Amino acid sequence: MSNRRKFLKSSLYGGLAVSTASLSSVACAPKAPLRKPVVISTWNHGQEANQAAWKVLADKGRAVDAVEQGVMVTENDPENATVGIGGFPDRDGNVTLDACIMDEFENAGSVAFLQNIKNPISVARKVMDDTPHVMLVGEGAKRFALEKGFKEENLLTPKSEAAWKKWLENQDYQPEINIENHDTIGMVALDEHGNLSGACTTSGAAWKMHGRVGDSPIIGAGLYVDNEVGAATATGLGEFVIKICGSHMIVELMRQGYSPQEACEQAVNRIVKKYPNDYKNLQVGFLALNKQGEYGAYSIHKGFNFAVKASDQDELIDAGHYNG
Ligand code: SD4
C-alpha cells in the first residue's frame, strides 16, 4: 500500500498527519466516505460561530445560509478586534471592512473598504444574489448597502478608539501581523445535501493605510469554493495570501487529489519558498474542506487554531505549522 493510501486510510475525518505523497500517487487516490454536514472556521471564535452555522445545517439548510449566519456572530461581537464592529481602524481612525461569500453554484459576492455598515458578509451576499457583479467597494458598496436597508452606524467602539489613540503615540506600523493576534473569520461548510459554501469577513490589518484591502474579500485569495471539489479560506497577512492566490490554489490541489491537509501545507510551503526573507515575520493560516467532508489546516507559525462542528464533533484544534 502506498504512503498516500495509508495516509487516506488513517485520516478518515481529515486528520492532521503530514503525508509524503508524490504527485503521481495523488491522482489515483481513493475517495473517503462522505461525512456531512460539517462546518469549520478559523480561530477560537469559530466555535461560537459554528454553533450558529450548525443550527442551519442541522435543519437541513443550505451551507451558504449557514456560513452567513455563522460569521455574523463574530461580526456582531464588539470585543473582536479584527472583525466587524470593534475592529481596529486604519491609521486615520476609520474602520473599513472586507468580506466575501461563495455558494454551491460558485456564485460569488464581495465587498471591500466598506465603512459604517455592521454586517459586510450580508452586504456581500446581497451583491451575490441581487446584482450582476461580484465585488463592490467603498462608497459604492455603502450606497448599495443603504439601498438594501442596512443601517449606517459607528463601528469604532470606545475600546478600539482607545487602542488606536495609543497606537498614534508611536505610529509604529509593522506590516507583519502579530502572530498571536489575528481574528479574521473564514468559514467553510458542507451541508446535508452535499453542497459546499464559504464566507470570510474582517476589518483587516490594524493601522493599515487608508484604502488598503486584504485577501479576505478577494475571491480566490481569502476564500474559494468549487462545489465539485472543495472549499478553502485564509487568515493572516493578506498580502501574502493574495500573492499566491492561496484559497484557489488549495482548491485546485484538492482537484488534483491532494487531501485538504496536504493542500493547505502546499500553500504554506509556497509562501515560504517564494518569500524566504519575509515568512519568518508573518503569519498566514489556511483551512480547507473537501466534498467528502474531510478537513485540513496549516499555518506558517505556531498559534493558528480552528473550530470543527459535525454531529459527532465540536472542538477547537491546533493546526500544524511550518516554523517554530
Ligand atoms: C487581511 N487576512 O486583511 C486579513 C487579516 C487577518 O486576522 O486575517 N486578520 O489581511
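A polar contact is a pair of N or O atoms within 3.5 Å; within protein, one atom must be able to donate a hydrogen and the other to accept it, and residues adjacent in sequence count only if both atoms are side-chain atoms. The model is predicted, so local features need pLDDT of at least 70 and side-chain atom pairs pLDDT 80 or more, while totals for chains, interfaces and linings use all residues. Residues are numbered from 1 along each chain as its sequence is written, and side-chain values use heavy atoms, with hydrogens and water left out.

By the contact criterion, a polar atom in the side chain of Asn290 lies 3.0 Å from the backbone nitrogen of Gln292. The Asn290 side chain also makes a polar contact with the side chain of Glu294, at 2.6 Å. Asn290 belongs to strand β9 (residues 284-290). Strands (E, at least two residues) are DSSP runs, numbered from the N terminus. Asn290 counts as buried, at 6% relative accessibility. Buried means under 20% relative accessible area, exposed over 50%, and partly exposed in between (1.4 Å probe, protein chains only).

Strand β7 (residues 223-226) is covered on both faces. Leu223 and Val225 are buried on one side, Tyr224 and Asp226 on the other. β7 runs antiparallel to strand β8 (residues 230-236), and 4 bridges join the two. Pairing requires that DSSP find at least two bridges between strands. Asp226 has Gly230 of β8 as its bridge partner. The two strands, β7 and β8, form a hairpin with 3 residues between them.

The ligand is surrounded by 13 residues, counted as near if one of their heavy atoms lies within 4 Å. The closest are Thr184, Arg212, Asp215, Gly236 and Gly238. The shell divides into 2 nonpolar, 8 polar and 3 charged residues. Here Ala, Val, Leu, Ile, Met, Phe, Trp, Tyr, Cys and Pro count as nonpolar, Asp, Glu, Lys and Arg as charged, and the others, Gly among them, as polar. A side-chain N or O atom of Thr184 lies 2.7 Å from a ligand oxygen. A backbone N or O atom of Gly236 is 2.7 Å from a ligand nitrogen. A polar backbone atom of Gly238 is 2.8 Å from an oxygen atom of the ligand. The protein covers 99% of the 290 Å² of accessible area that the ligand has on its own (Shrake-Rupley method, 1.4 Å probe).

The whole structure contains 0 disulfides (cysteine sulfur pairs within 2.5 Å). For Cys100, the nearest cysteine sulfur, that of Cys200, is 5.6 Å away. Cys100 is buried, with a relative accessible area of 0%. Cys245 is partly exposed, at 43%.
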